[in-house]
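Please consult the sequence and the structure shown below while reading.

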Amino acid sequence: MLKQLCVATLTLGLASCSWLGGDEYFPLDDGTSWNYTLDFVSPDGKKKKQLEIRTEGEATFMSGEDEVEGMIRRTSDGTDYFIQERNDGYYRVGKRVIVETKPQADKEARLVLPKGRNLRVGYTWTLETSPYAMHWMPPFDQANASIKPFDLVYEIAALDETVETPAGVFEKCVRVDGTGKMVFYADASAGYQEILINHREWYAPGVGLVKLERDEPLNTSIMKGGKVTMSLTRFSN
């Protein structure tokens with residue numbers, strides 16, 4: 001009864017219940033689901049997107065002669081992420097997008113969030129990432145299907161932040177800051193430009209990711225950047 005009441009409270013956005021799923025900052029319980037609203041703001045317009053993520057239980061797949069095991073987190077756009085919980089953190093070890101019949105193992109396990117003694121202010125790690133908001137403008141988008149990935153340096157920036165989302169107010173949140181640079185060739189006159197990327201994530205105890213912000217400031221005639229904000233609207237376990 002208390003669990004049902006707490007889920008309803010989160011959905012209405014009236015208050016927080018940080019004990020809902022325990023103390024874990026990255027819950028992997030089977031059947032747990034998160035609903036988010038994504039707001040995209042760029043120089044050429046705004047748009048919204050709804051996203052659901054759901055834990056679908058444990059699964060294994062073969063990568064060459066190796067068996068890869070993980071908990072599946074499935075998104076509403078058809079992507080499966082394979083997550084492993086280890087002593088020092090939560091790692092993504094594989095991925096399958098909707099057009100693939102089999103998952104693909106990551107070359108190296110990707111740290112999503114540290115745990116234990118590594119979950120401390122100042123702890124850092126580096127990951128390759130892709131743009132969230134940057135996109136080519138017509139007609140350049142026909143010749144340039146993708147944008148090269150770049151590295152972000154992530155750091156545990158705080159352990160006791162309060163975050164307000166449509167799902168409620170969450171206390172004692174871990175904040176992860178990410179910073180990096182992307183080198184972009186604008187045109188013959190401007191040459192290469194260095195774009196500073198800023199990224200932030202907030203994780204609440206017992207809930208997981210409650211908010212994300214990515215700022216990719218760019219405004220040229222051939223490519224636009226922008227800001228993406230991802231906010232939790234509903235959580236259920």
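Strands β1 (33-42), β2 (45-63) and β13 (223-236) each supply at least two residues of the lining of the second largest pocket. The model is predicted: local features need pLDDT of at least 70, side-chain atom pairs count only at pLDDT 80 or more, and totals for chains, interfaces and linings use all residues. Residues are numbered from 1 along each chain as its sequence is written, and side-chain values use heavy atoms, with hydrogens and water left out.

A pocket is an open set of points on a 1 Å grid over the protein atoms alone, where a 1.4 Å probe fits, with protein on both sides within 12 Å along at least five of seven lines; its lining residues have an atom within 4 Å of a point. Volume is the space filled by probe spheres set on the points, which are joined across faces, edges and corners. Strands (E, at least two residues) and helices (H or I, at least four) are DSSP runs numbered from the N terminus.

| Pocket | Volume | Lining | Nearest the centre |
|---|---|---|---|
| Largest | about 1500 Å³ | 40 residues | Tyr81, Arg92, Lys95, Arg110, Tyr132 |

In the largest pocket, strand β6 (residues 104-114) provides the largest share of the lining, seven residues. The lining of this pocket comprises 24 nonpolar, five polar and eleven charged residues. For the second largest pocket, the classes are six nonpolar, five polar and four charged. Ala, Val, Leu, Ile, Met, Phe, Trp, Tyr, Cys and Pro count as nonpolar, Asp, Glu, Lys and Arg as charged, and the others, Gly among them, as polar.

The chain as a whole contains two helices and 13 strands. Of its 237 residues, 47% count as buried, that is, under 20% relative accessible area with a 1.4 Å probe and protein chains only. Among contacts (heavy atoms within 4.5 Å) between residues at least 6 apart in sequence, 51% join residues at least 24 apart.

Val163 belongs to strand β9 (residues 150-165). Val163 counts as buried because its relative accessibility is 5%. Leaving aside residues up to four places away in sequence, Val163 touches Gly168, Val169, Phe170, Cys173, Trp202, Val210 and Lys211. Arg175 lies twelve residues from Val163 along the chain, and their C-alpha atoms are separated by 9.7 Å.

How values were computed. Buried < 20%, exposed > 50% of the residue type's maximum accessible area, 1.4 Å probe, protein only.
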